[in-house]
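Subject: Structure handover

Hello,

Here is the structure we spoke about. Please have it open while you read.

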Amino acid sequence: MYGRVGRTTCLTEPKGAVSIPRPAAPKEHAIVRIGHISDLHLADRGRYPRNGFSARDCDRHSAKLAKGLLDALREVGVDHLVVTGDLTLSAETREFERAADMLRWWAEAGKLTVVPGNHDVWTADAVDTGRFLRAIGPDGKGMRRPVPTYPHVVPLGDVVLVALDSARFGEVPHQTAGRLGADQLRSARELCRQHQKAGKATVLAFHHHVVLPPERVPSDALVARMPLADADQVIRLVAELPVAAVLHGHRHCTFRVDVPGATHPTPILCTGSASRVADEPVRRARASIYDFDAGGLRGVEALVSGAT
Ligand SMILES: [Fe+2]
Ligand SMILES: [Fe+2]
């Protein structure tokens, strides 16, 4: 239906959850469709080894797969696309340029929100020159003068997307934790309160995982060394204030964990990588599509590369 991209419904839904048909919702509960991709890890193979990566590391991801999924998302039609980081392999200028090119249609349509991942702040040089913000930034259009800009708040009708930056530079990147920090967490809390009063659903998005499910795959062992240092604060936030969902990447497989929420369980959704070359179903390159309304998450679909 979409080249080699297949479409499945509710792959990550827990038993008993259902996807509601569209467009059945009344106007006051209009559905907002959010597409979600992550962890593209774009790289120019010929320029490696560098920054601790070999040329073979580049072979784990395919820009072609990511492009196929972006084309499929355009064909399906979503109201907005969120990209939860690791657009690049090691934050090289050319890698950011490729990511900007790939996402240009979405940025120009005003339908794009991007947060950086740990690979987008991989080198001191990339951080010092504000490479991610200059080339991409929160709306994909790049910033002439890079300034701290998160939380980035995107109103989408009855739903508000709050994008946060969890990427932190460290001298040993493979062992550097992500962190949202007290200021962003305070802002996120205040935004959740405001949106609750306004009758809107808040969706949080950032790069790092909050919870690792027990069914780990051995090749993900490295990711456990790069956790979100203040994940406990996120768990507390969603327990105290209504959050429709938390979207993230960082782990290159798809999973959903529901944690106790203020009004009902809050889904934490990892979409996996949009470019990963893999046969395991949970690791196959994919994009997720979520249906939200003012009451929360109503449905989940997946576009999966190579699925029939
Ligand atoms: Fe990644
Ligand atoms: Fe990551």
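Below is what was found in it.

This is a predicted model: local features need pLDDT of at least 70, side-chain atom pairs count only at pLDDT 80 or more, and totals for chains, interfaces and linings use all residues. Residues are numbered from 1 along each chain as its sequence is written, while chains are lettered from A and ligands numbered from 1 in the order in which they are written.

The chain has eight helices and 12 strands. These are DSSP runs numbered from the N terminus (helices: H or I, at least four residues; strands: E, at least two). Of its 308 residues, 48% are buried, that is, with 20 or more other C-beta atoms within 10 Å of their own, C-beta atoms being placed from the backbone.

The largest nonpolar core holds 77 residues. Such a core is a set of buried Ala, Val, Leu, Ile, Met, Phe, Trp, Tyr and Cys residues joined through C-beta atoms within 7 Å. L69, L164, V203 and A205 have the most contacts inside it. Helix 2 (residues 63-76) gives the largest share, six residues.

Six strands form an open, mixed sheet in the order 5-6-7-8-10-9. Strands pair if DSSP finds at least two bridges between them. Strand 5 (152-156) and strand 9 (255-259) are at the edges, each with a single partner strand, so one side of each has no neighbour in the sheet. Strand 5 runs antiparallel to strand 6 (residues 159-163), joined by five bridges. There, L156 stands opposite V159.

Best wishes

How values were computed: A residue is buried if 20 or more other C-beta atoms lie within 10 Å of its own, exposed if 12 or fewer, and partly exposed in between; C-beta atoms are placed from the backbone.
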